[in-house]
Amino acid sequence: MFRGTFVKALHAALLAAAFAAAATSAVAEPRTKTERKSAAPEATLTGPAVLAVVSIRDQLISVYDAAGNAVRARVSSGQTEYETPVGIYSILQKNKDHYSNLYDDAQMPFMQRLTWSGIALHAGALPGYPASHGCVRLPHSYAEQIFGLAKIGTRVVVARENIAPSEIEHPLLFKPKATGVQAAATPIVYDPDAQSELTPFMPDLRNWPERQALLDQLRAVSAAKAAEADAAAPELDELKKALKEREAVRSKTAKVLKRAEKAQSRADGWVESTAKRLAGAKTDRVRKAAEAETAKAATAAEKAKQAFDDAKAKDDAAAADLARATDAFNVSDAVKKKATDAAKEARRKTLPVSVFVSLKTQRVYVRQGHEAVIDMPVSIAEPETPIGTHTFTAVDYKGTVDNVRWNVVTIVPRRADDFDDNYGASKRRRVAANEAPPATDVVAAKAALDRITLPPEVVSKVSEYVWPGSSLIVSDEDLSKETGAATDFVVLISGEPQGGIKKRPRQPPNYYPYDPYYDDYYYYGDRRRRPQRYTPFFSFW
């Protein structure tokens, strides 16, 4: 038993040391033959990243822009028992200088978090096969390149088979409500560094000035309502202070009244007992004593009644003051809540929306800015027949600002001949890094949409929020347990290895998901700096 324990401990120590060494080497430029072959290609995107696809079989990542251009690189995904789960994610957090708190403080440069349980894209060692603890390791230069192209909310699809997005049109795909403005795109030169000027979740509309004007208008409404809520805060604080003072006074008068009530009850009982004693007196001596005691009891009862009346009057006055203070506070609080809700609703209209339709639960879910806003039944034809897993993304406006272009990526089911070797990757031939993957089958994706009838409430509500970056996910699966506070939808494909998530429970983020009025909150700097407001000063892997 001792020998077995020792061997296990030694094995664990060697693994930890090897991982730390590998992670440390990840910060340098590619030195091995595998790393040099995996270095970022010369290609660049003509716009911001709208979608990333990771192929487990090919150990390859492709990041796409709205025009369908892609930059690709080799990756190293999760090793056996720590597999990177096949499914749908989005970027939740970005940190240029991230450090692990599980693996000897290992560096994980250009980290882009996909789950709070510890799966992310980041620069790391590339041995040529799956070797990570669930993350997707990237070549250092490539990780740096896409760090500037992607933003919070960018959709990431992890698939076993490599697949490219296809453009798609369908009546079920949302269109923004008409603005009455007919405008064409304004050509611009894309600058990834300018992305830093955009706040979290905010769509990039620099080549659509008319939609940008609408976005600015909505943000102005949100700011005005937020200012209204802020203006009500000082008065509300004063009213809350006054309310607490009135509550304290009322608490004291109520206690005094309760004591006076008990004293009066005792005095009345004394009067009653002396009256009985006087009535039962048999001798003059007993009668005189009873009369004297009756007089004392009557005096005490009169004083007790006077004390009770005074306490009751003071308590009634305190209760009236408390009622007035409560009413004033409730009125002011209602004004602030109304302004806060209006600001929140106005802000929500500026955020891309995500919709998820689950065949398993027969429900449709809507999230915005990492918050759940709708959860209701949905009608799906032939519910006993699988519908597949499809990710539809609004990538840009189409012709005018009242229409958007959508693309779709379908996660292809695992094939019968797609068995694993010792490294967890298929034995079938991997495609070359510069080889274009097959396009998504649009016919199958449209067939899935044909089976869905969305509630009118969802269609009406979502149509207010269709900015580039909005998405519709259709799947046989239910939501993953990873979907929660500070996340978009996370959908994992059953039947695929999920060791990278099963090995670690989901940890809730210990920061406010986003500032209600667009303050910057994601941390990009040295983790050893003192964190600022809403800064996540932590790591989970």
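1. Strand 4 pairs with strand 19 (residues 491–492) through 2 bridges, and the two run antiparallel. In this pairing, Gly 87 stands opposite Leu 492 of strand 19. Note that the model is a predicted one.

2. Strand 4 also pairs with strand 9 (residues 155–159). Here 4 bridges join the two strands, again in antiparallel fashion. Ile 88 has Val 157 of strand 9 as its bridge partner.

3. Is strand 4 covered or open on its faces? Strand 4 spans residues 87–90, and both of its faces are covered. Gly 87 and Tyr 89 are buried on one side. Ile 88 and Ser 90 are buried on the other.

4. The largest nonpolar core holds 52 residues. Ile 61, Val 63, Leu 138 and Tyr 142 touch the most other members. Strand 1 (residues 49–55) gives this core its largest share, 6 residues.

5. Ile 61 deserves a look of its own. Beyond its neighbours within four places in sequence, Ile 61 is in contact with Val 53, Val 54, Val 71, Arg 72, Ala 73, Val 75, Leu 121, Leu 138 and Tyr 142.

6. A second core is separate and has 38 residues. Among them are Phe 174, Met 202, Leu 218 and Val 458.

7. Asp 204 sits in the loop between strand 10 (166–168) and helix 4 (209–279). Is Asp 204 buried or exposed? Its relative accessible area is 15%, under the 20% cut-off, so Asp 204 counts as buried. Pro 48 lies 156 residues away in sequence, yet the C-alpha atoms of Asp 204 and Pro 48 are 8.0 Å apart.

How values were computed. Residues numbered from 1 in each chain as written. Predicted model: local features only at pLDDT ≥ 70, side-chain atom pairs only at ≥ 80, totals over all residues. Heavy atoms only, no water. Buried < 20%, exposed > 50% of the residue type's maximum accessible area, 1.4 Å probe, protein only. Pairing = 2+ DSSP bridges. Core = buried A, V, L, I, M, F, W, Y, C linked by side-chain atoms within 4.5 Å. Contact = heavy atoms within 4.5 Å.
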